[in-house]
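Here is a short tour of a protein model, written to be read with the structure open beside you. Please keep the viewer at hand as you go.

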Amino acid sequence: THEYSSGKLGVVGFCFGGNVALEMAAQLEDEGEIVDVVVVIDSGLPLEASRAPTTLARARAVVETRGILGAGRAAVDRLRNRSQYYWDGSFGGDDGRDRLKYHAIAQACRRAFRDWEPRRVAAPIVLLRSTEYRAAEDKDWHLGWDAYTDDFSVETIEESDHESMFESPSVDEMARIVATWIA
């Protein structure tokens with residue numbers, strides 16, 4: 001959270017942190033605070049697939065959400081990404097250890113999604129999305145934020161990807177957008 005010089009209160013979260021920001025805003029509002037904006041950066045809400053208790057149930061949920069073609073693409077992407085966690089051309093090394101750490105963090109986030117129920121907030125929610133995660137058939141996990149507020153908007157940060165969102169020029173564009181919400 002951050003109280004800006006304008007006196008406005010904003011909550012910002014990147015990736016999984018977008019979900020944390022939504023929960024923080026809900027708790028602040030429960031305490032009587034006025035949250036002026038919730039900014040979620042390249043963040044998605046949990047889908048039924050992440051809440052499914054078994055692999056078969058997860059697969060069924062992905063097919064229902066994305067269709068057969070979308071589920072096939074998701075499976076290929078997951079297999080490609082998984083293989084990178086365990087193979088970096090040198091059977092480990094620093095890259096391999098970093099990938100294993102990332103995998104452990106991603107697994108912990110998925111477990112957290114299983115038990116968390118998103119809540120509506122009075123604050124507007126602004127999704128800042130990288131070009132990489134622009135809405136597409138296989139990017140449906142970015143959808144759904146509008147169910148948790150009456151004031152939802154999406155801004156795509158052009159020529160950006162998830163890893164470069166906090167580098168110039170992407171961060172400059174994000175700052176410009178956030179400034180319009182807190183002015």
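The report below goes from the overall fold to the sheet, the cores and a few local details.

## Ground rules

This is a predicted model, in which local features need pLDDT of at least 70 and side-chain atom pairs count only at pLDDT 80 or more, while totals for chains, interfaces and linings use all residues. Residues are numbered from 1 along each chain as its sequence is written, and side-chain values use heavy atoms, with hydrogens and water left out.

## The fold at a glance

Let us begin with the whole chain. Five helices and five strands make up its elements; here helices (H or I, at least four residues) and strands (E, at least two) are DSSP runs, numbered from the N terminus. Read from the N terminus on, the order is β-β-α-β-α-α-α-β-β-α.

Of the 183 residues in the chain, 37% are buried. Buried means under 20% relative accessible area, exposed means over 50%, and partly exposed is in between (1.4 Å probe, protein chains only). The chain exposes about 10600 Å², with 55% of it supplied by carbon and sulfur atoms; these areas come from the Shrake-Rupley method with a 1.4 Å probe, and for residues only the protein chains shown count as cover. Among contacts with a separation of 6 or more, 72% are between residues 24 or more positions apart, a contact being heavy atoms within 4.5 Å.

## Following the strands

Now for the strand pairing, which requires that DSSP finds at least two bridges between two strands. β2 and β3 run parallel and are joined by five bridges, with Val 11 having Val 38 as its bridge partner in β3. Together with α1, these strands make a right-handed β-α-β unit. Right-handed means that, with the strands pointing away from the viewer, the path from the first strand over the helix to the second runs clockwise.

β3 also pairs with β4 in the parallel sense, over four bridges, and Ile 41 stands opposite Leu 128 in β4. From β4 the pairing goes on to β5, again in the parallel sense and over six bridges; there, Leu 127 has Val 154 as its bridge partner. β4 itself is mostly covered, with six of its six residues buried. Ile 125, Leu 127 and Arg 129 point one way from this strand, Val 126, Leu 128 and Ser 130 point the other way, and all are buried.

Which residues touch the most other members of the largest nonpolar core? They are Leu 22, Val 35, Val 38, Val 121, Ile 125 and Trp 145, in a core of 17 residues. A nonpolar core is a set of buried Ala, Val, Leu, Ile, Met, Phe, Trp, Tyr and Cys residues joined through side-chain atoms within 4.5 Å. Two or more residues each come from β2, α1 (17–30), β3 (37–41) and β4 (125–130), and α1 gives the largest share, four residues.

Beyond its neighbours within four places in sequence, Val 35 is in contact with Leu 9, Val 11, Ala 25, Leu 28, Glu 29 and Ala 123.

## An aromatic pair

The structure holds one aromatic pair. The ring centres of Phe 14 and Phe 166 are 5.1 Å apart and their planes are at 90°, so the pair is edge-to-face. For this label, rings of Phe, Tyr and Trp (its six-membered ring) pair if their centres lie within 6.5 Å; planes under 30 degrees apart count as stacked, over 60 as edge-to-face and the rest as tilted.

Phe 14 lies in strand β2 (residues 9–14) and Phe 166 in the loop between β5 (152–157) and α5 (170–182), so the pair ties together parts that are 152 residues apart in sequence. Phe 14 is partly exposed at 31% relative accessibility, and Phe 166 is partly exposed at 48%.

## Backbone details worth a look

The loop between β5 and α5 also contains Pro 169. The peptide bond that leads from Ser 168 to Pro 169 is cis, with omega near 5°.

Two residues have a positive phi without being glycine: Cys 15, at about 60°, and Asp 42, at about 50°. Cys 15 sits in the loop between β2 and α1 and is partly exposed, at 33% relative accessibility. Asp 42 belongs to the loop between β3 and α2 (48–51) and is buried, at 0% relative accessibility.
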